[in-house]
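Morning, everyone. Please have the sequence and the model open while I talk.

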Amino acid sequence: MAFARSRQALAVTGVLGLALGVAACGTGNDKKSDKAGSAECAAYEKYQGNDGKKVSIYSSIRDIEDERLQQSWKEFEDCTGIKIDHEGSGEFEAQLPVRVDGGNAPDIAFIPQPGLLKRFVDSGKLKPAGADTKAMAEQNYSPDWLKYSTVNGQFYGAPLGSNVKSFVWYSPKTFKEKGWSVPTTWQELIDLSDKIAASGTKPWCAGIESGDATGWPATDWIEDVLLRTGGPEVYDKWTTHEIPFNDPQVATAVNQAGSILKNEKYVLGGVKSIATTSFQEAGAPVLSGKCALHRQASFYANQWAKGTKVAEDGDVFAFYFPAIDPAKGKPVLGGGEFVAAFADRPEVQAVQTYLASGEYANSRAKIGDWVSANKKLDINNVPNPVDKLSVGILQDPKTVFRFDGSDLMPAAVGAGTFWKGMVAWINGKDTTSVLNDIEGSWK
């Protein structure tokens, strides 16, 4: 869901930063540096001819992530003479429509919700991507990704960063001590849960409290499970309302998720505690051995306590949330942002094309704490173990990727009645009533 990006930006604020330095993360000069004609600038020849031009970018990326972002395109600025002015805001989703509608749109915005992107297309504000950007995107991203920024057959911008939500966090140390094996199928996951419960430990910890956005982690559960029980075709029809929200196939997925989330034998603190446990703190008991499993996205790596080793041989790590029906491929739920432009000046198109390139993806990945579905990204340039795992999943040809469903739905449903409905469901309301209520809200 969209809130994840703001959450991620906030989460990393307190993480130990890189020693970037003022010089390392400068934003370039108005004129090309002396190295513009050097060999290291050869990759940027196609973007030449815009010396001294400026391009504004608006996003939700702030603090140390903003510094890393600016460092990632520093060489592009030095080699092309284009200066990129980036502004990150915690109020991005609310303020971008205000700016656009008020005639003060940025040149480029990193838009995390395909529904919001479509809103700007429908209002005639967004510019179609140029031929070079489209060609670059088609080389480097799968059709699964590109369809989310394609409206009425017109392509509007390539993905940038990504996150993988189909993960279960666990403690490799605890698993080794207890003799537990990482499950690779749904049945193995349930068998492991039963085994852990029988040992006196609660197998699952969960929390969906998130202030005004309380409920969103439960929507991720439903989306992930529906991808596994109904497959991508049913999932697509559900997110576009070609089938109703209360379709029997959706109810099947909700009940399947409930076999874990609403199982008193499984949940640490009891089922109703899920609604009042913050998503930030929900996984912490994995470290102390009070619970063993926590389903949450790749960005949860930033929530573990300082000093926690996040690695396959560390204090915590993650494994792929297993498929239920192998015949439906390797379903992966995730999110990301898209590089959309409100201007089509040559320098804007040059930046938009560059951000879709393999050169950019590798430049940003080397700095750390970043994931992309760009097929040109060399996984050896990804230093973080969880990020490396995420990139490997995104690049796997067997992966069937789908974007977070609540981001694809109208905001009143995806970030409204769906969130609230999941809270009611956790608190004891039956599946049929909850789905009927959400369906009734879809206008």
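Predicted model: local features only at pLDDT ≥ 70, side-chain atom pairs only at ≥ 80, totals over all residues.

Residues are numbered from 1 along each chain as its sequence is written, and side-chain values use heavy atoms, leaving out hydrogens and water.

Helices are DSSP runs of H or I, at least four residues, numbered from the N terminus. Two packed helices are described by the angle and the distance between their axes. Axes are lines fitted to C-alpha atoms over the stretch in contact, and angles run from 0 to 180 degrees between N-to-C directions.

Now find α11, residues 216–229, and α12, residues 231–239. They pack at about 135 degrees, axes 6 Å apart. The two are therefore oblique to each other.

Which residues of α11 meet α12? Glu223, Leu226, Leu227, Arg228 and Thr229. Their partners in α12 are Gly231, Pro232, Val234, Tyr235 and Trp238. Contact means heavy atoms within 4.5 Å.

Next, phi. Most residues other than glycine have a negative phi. Asp63, in helix α3 (63–72), has a positive one, near 55 degrees. Asp369 also has a positive phi, near 55 degrees. Asp369 sits in the loop between α17 (358–367) and α18 (385–395).

Buried or exposed? Partly exposed lies between buried, under 20% relative accessible area, and exposed, over 50% (1.4 Å probe, protein chains only). Asp63 is partly exposed at 39%. Asp369 is partly exposed at 22%.

Methods. Parallel < 35°, antiparallel > 145°, perpendicular 65-115°, else oblique.
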